[in-house]
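Here is a short briefing to read alongside the model. Please keep the sequence and the coordinates open as you go.

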Amino acid sequence: MNKTFIKKKSPLILLAVCIIAVAGLADIKYQGLFFRMLPESVQAFLVQVIK
């Protein structure tokens, strides 16, 4: 692959990873779908950590 092609894609990949991380944290904080899919023991731990 061309090195300039990879350099141009790097900021987009970083932005996508940041958006996914923020969405995941928001899901856990507001007990969304991903949070409800976790085992109850993990849910209890996360609730204690967030509060």
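Residues are numbered from 1 along each chain as its sequence is written, and side-chain values use heavy atoms, with hydrogens and water left out.

**Overall picture**

- The protein has three helices and zero strands, where helices (H or I, at least four residues) and strands (E, at least two) are DSSP runs numbered from the N terminus.
- Along the sequence the pattern reads α-α-α.
- Of the 51 residues, 14% count as buried; buried means under 20% relative accessible area, exposed over 50%, and partly exposed in between (1.4 Å probe, protein chains only).

**Confidence**

- The average pLDDT (the predictor's confidence in each residue, from 0 to 100) is 89, and 86% of the residues score at least 70.
- Helix H1 (residues 3-29) has the lowest confidence, with a mean of 87, whereas helix H2 (residues 33-37) has the highest, at 95.
- Where pLDDT is low, the predicted coordinates should not be read in detail.

**Aspartate 27**

- Aspartate 27 sits in helix H1.
- Aspartate 27 is buried but has no salt bridge, and the nearest side chain of opposite charge, arginine 36, is 6.6 Å away.
- A salt bridge here is a side-chain nitrogen of Lys or Arg within 4 Å of a carboxyl oxygen of Asp or Glu; Lys and Arg count as positive and Asp and Glu as negative, with His and the chain ends not counted.
- The aspartate 27 side chain does reach the backbone nitrogen of phenylalanine 35, at 2.9 Å.
- Beyond its neighbours within four places in sequence, aspartate 27 is in contact (heavy atoms within 4.5 Å) with Gly32, Leu33, Phe34 and Phe35.

**Glutamine 43**

- Glutamine 43 belongs to helix H3 (residues 40-50), and it counts as buried because its relative accessibility is 18%.
- A polar atom of the glutamine 43 side chain lies 3.3 Å from the backbone oxygen of arginine 36, and one lies 3.0 Å from the backbone oxygen of leucine 38.
- Not counting residues up to four places away in sequence, glutamine 43 touches Phe35, Arg36, Met37 and Leu38.

**Glutamine 31**

- Glutamine 31 is placed in the loop between H1 and H2.
- Although not a glycine, glutamine 31 has a positive phi of about 55°.

Key
This is a predicted model: local features need pLDDT of at least 70, side-chain atom pairs count only at pLDDT 80 or more; totals for chains, interfaces and linings use all residues. A polar contact is a pair of N or O atoms within 3.5 Å; within protein, one must be able to donate a hydrogen and the other to accept it, and residues adjacent in sequence count only if both atoms are side-chain atoms.
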